[in-house]
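This report covers selected side-chain contacts, helices and nonpolar packing. The chain is shown first, and the description follows.

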Amino acid sequence: MQNSSSKTQKFILKFFPEIMIKGSSAKRQMVGQLYTNLITLLERIHADIKVRKFSDKIEVLTPVDMLSEVRIVLINTPGIEQVLEVLQFDDMDSLSKIKNKVGEIVGDSLKNKTFSVRAKRTGTHSFKSTELERTVGGYLLAHTDAKGVDLHNPEVTVKMELIESQLNIITTKYKGLSGFPIGTQGDILSLMSGGFDSTVASYLTMKRGIKTHFVFFNLGGMAHEIGVKQVALYLWSKFGSSHRVKFISVPFDDVLTEIFRSTAPTYMGVTLKRLMIMASQKIADELEIDALLTGESVAQVSSQTLRNLAIIDQVSNKLILRPLSTMNKPDIMSIADDIGTRHFAESMPEYCGVISQNPIIHGSFKRMEKEAKKFDYRVLDKAVEDAKSIYVDEVVDDVSNLAAIEVVSDLDSGDYVVIDIRAEDECIQTSCESIKIPFHKLKTEFDKLPKDKEYLLYCEKGIMSQLHAQYLRDAKKSKNVRVYRPL
């Protein structure tokens, strides 16, 4: 078979090295799972794509008109270390045929460049790999415009594999995702806010072969939920779509209101994280999932000091993974750039960081115990009971329905009432009427306002006001809500 005549392209997939050093049973199971995952992924592209499994590699044959789409899938599938794009030729049963064919394919690429030849053989031949390399190298040196041979630092390395009489010339090599195949390492429930940290943490567990489900704690914003669904769908589609996973949305606005009622301001942030872990554990138990995942990094914010993380973990008997725990923020953001989640993360609010006033950095276990007793846990139970669960692949219809909320900067352009939704007591002073409704009370208090006025929501960065305006429009059917953002 020659690619140019059959209009097919061959890929050779090399396994993640840690797979190869496993015992025979574990290795067989992982290779089998990767094979199954690839069948699932590639069948969605076209039924004519062929996948063949070997003990040390997997081969994929695809029609050339699907080459780009297939390549992207292979590069982003956990368990694959290298993706080799090759040209395949049959009946290469002599050194003469091999050297002529290699010269025909790679000759032009060697002009004025140094090169070396690397060959691997499988099967029975009358020559060794070193003889094959010398023969092909000598032919290329004599019959091309190559500058010369350099075995140590060549400008071009001619790579080929000979399997019996089948010759594979490797034309391009791509770095794979590495890691283990999804389906080999169990399930985890990721606490997903949609920001840099939670998205990168979720990517890392998917890359490691863990089937990663998502739980989102909605603190009042319909738009925020849709945004998080978007990034969860993106991550799943790109790195984990060989398996269906769930997206669970937990309404946490009443929980937040109860925190404000019952908890000292300095302990609000830690309390919120504890309640999220408690709710996640209940959901994980229902799904028979043994571990939770967070994007926390030591000392990044006040709730993520070692003491406060210990206080948070006190409420759960689940294994909690924190793959970013010792990573610096620039490194996390760099990964987000690489995997394509940065633009999602930049538009996500950080609710957890805005509810605490002078948050405690080195919390007290005894004080936390006292604060915890003030909370009405029936509110938490009700939130978990009202949680909505769908498969991530079912959110496609949801993520396309979000309409942007109008932003107003000139208050003289209409008869407006500005609502300051910040958690602090301070209220913005404007040239028109201004009132104070903290965002955690907006759900109930907005209904009490006159319906014949135009309202502008205000917060410092404009993100939370945008999300809550979207919520009021979607959930409350309030068309008289916009966002105020001073120039």
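A residue is called buried when its relative accessible area is under 20%, exposed when it is over 50%, and partly exposed in between, using a 1.4 Å probe and protein chains only. The model is predicted, so local features need pLDDT of at least 70 and side-chain atom pairs count only at pLDDT 80 or more, while totals for chains, interfaces and linings use all residues. Residues are numbered from 1 along each chain as its sequence is written, and side-chain values use heavy atoms, with hydrogens and water left out.

Helices (H or I, at least four residues) and strands (E, at least two) are DSSP runs numbered from the N terminus. K57 lies in strand 3 (residues 57-63) and is buried, at a relative accessible area of 6%. K10, in strand 1 (residues 8-15), is buried as well, at 0%.

| Side-chain pair | Polar contact |
|---|---|
| K10 and E59 | 3.2 Å |
| K10 and Q88 | 2.7 Å |
| K57 and E59 | 3.1 Å |

Contact in general means heavy atoms within 4.5 Å. Not counting residues up to four places away in sequence, K57 touches I12, L13, F15, R52, E161 and I163.

**Helix 7**

The expected span of a helix is 1.5 Å times one less than its number of residues. For the twelve residues of helix 7 (residues 196-207) this gives 16 Å, in agreement with the 16 Å between its end C-alpha atoms. Ten of the twelve residues are buried, so helix 7 is largely enclosed by the rest of the structure. Among them are F196, D197, Y203 and M206. G209 follows helix 7 and has a positive phi, near 95°.

**Nonpolar cores**

In soluble globular proteins, nonpolar side chains tend to be buried together. A nonpolar core is here a set of buried Ala, Val, Leu, Ile, Met, Phe, Trp, Tyr and Cys residues joined through side-chain atoms within 4.5 Å. In the largest core, of 53 residues, F252 and I419 touch the most other members. Helix 10 (residues 268-287) supplies the largest share of this core, nine residues. Apart from it lies another core of 33 residues, including V228, W236, M348 and V392. Leaving aside neighbours within four places in sequence, the contacts of F252 include F217, L272, M276, L380 and A383.

L380, A383 and V384 are buried in helix 15 (residues 377-385). Seen down the helix axis, the buried residues fall within an arc of 95°, so they line one face of helix 15; the arc is that of the directions from the axis to the C-beta atoms. R378 and E385, on the other side, are exposed. The buried residues of helix 15 pack against strand 11 (246-251), helix 9 (253-262) and helix 10.

Helix 9 is mostly covered, with seven of its ten residues buried. These include the acidic residues D253 and E258. The elements covering the buried residues of helix 9 include strand 10 (211-218), helix 14 (365-374) and helix 16 (442-445).

Conventions
Polar contact = N/O pair within 3.5 Å; in protein donor to acceptor, adjacent residues only side chain to side chain.
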